[in-house]
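Please take a moment to look over the sequence and the model, and then follow the paragraphs below from one part to the next.

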Amino acid sequence: MIELTNKLEDPEKAQYLLSLYQEYHNQNTYEGKFVKALDKIEAFIQHNQDPIETWLPKEKEMLFQNRYLLDYCEFDPFLKSFAAQVLEEGIAKLKAAGDDVEDIRNRAQA
């Protein structure tokens, strides 16, 4: 990121952009945590839109492993609820495809 911001002509804007990135990366502000959580949610939404045939076993298991999404949303009730909805949509997709959801959940939590 430093390399990218060094290419900007305006040093103040470059420093501001770098500080925003550091805030996101370090997760030391509410805003940084919020953007990181939205980033994770968005990735799961995109994944849910992919055809189920393209999902790897690991990707199915991620729906049941909090470290990939819910842990990032714990600090905010709205984000936590939104993330839970996104996960439920993924689980519904597994069920609709005939996957053994309980087996996937058990493997994920083993």
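How many aromatic pairs does a search of the whole structure find? In this predicted model, the search finds 3 aromatic pairs. One of them joins Tyr30 and Phe75, whose ring centres lie 5.3 Å apart and whose planes stand at 80°, so the pair counts as edge-to-face, a label given to planes over 60 degrees apart. Because Tyr30 belongs to helix α3 while Phe75 sits in the loop between α5 (70–73) and α6 (77–96), this pair ties together parts that are 45 residues apart in sequence. Tyr30 is partly exposed, with a relative accessible area of 42%, and Phe75 also counts as partly exposed, at 28%. Ring pairs link Tyr30 and Phe75 with Phe34 into a cluster.

The N-terminal end of α2 is capped by Asp10, which has a side-chain oxygen 2.9 Å from the backbone nitrogen of Glu12, whereas after the helix comes Gln27, whose phi is positive, near 55°.

A last stop is Ile52, found in the loop between α3 (30–49) and α4 (57–61). Is this residue, Ile52, buried or exposed? Its relative accessible area is 13%, and because buried means under 20%, Ile52 counts as buried. Leaving aside neighbours within four places in sequence, Ile52 is in contact with Lys93, Leu94, Ala97 and Asp99. The C-alpha atoms of Ile52 and Asp99 are separated by 9.9 Å, although these residues are 47 residues apart along the chain.

Technical notes: Residues numbered from 1 in each chain as written. Predicted model: local features only at pLDDT ≥ 70, side-chain atom pairs only at ≥ 80, totals over all residues. Heavy atoms only, no water. Polar contact = N/O pair within 3.5 Å; in protein donor to acceptor, adjacent residues only side chain to side chain. Helix = DSSP H or I, 4+ residues; strand = E, 2+ residues; numbered from the N terminus. Buried < 20%, exposed > 50% of the residue type's maximum accessible area, 1.4 Å probe, protein only. Contact = heavy atoms within 4.5 Å. Phe/Tyr/Trp six-rings, centres within 6.5 Å; stacked < 30°, edge-to-face > 60°.
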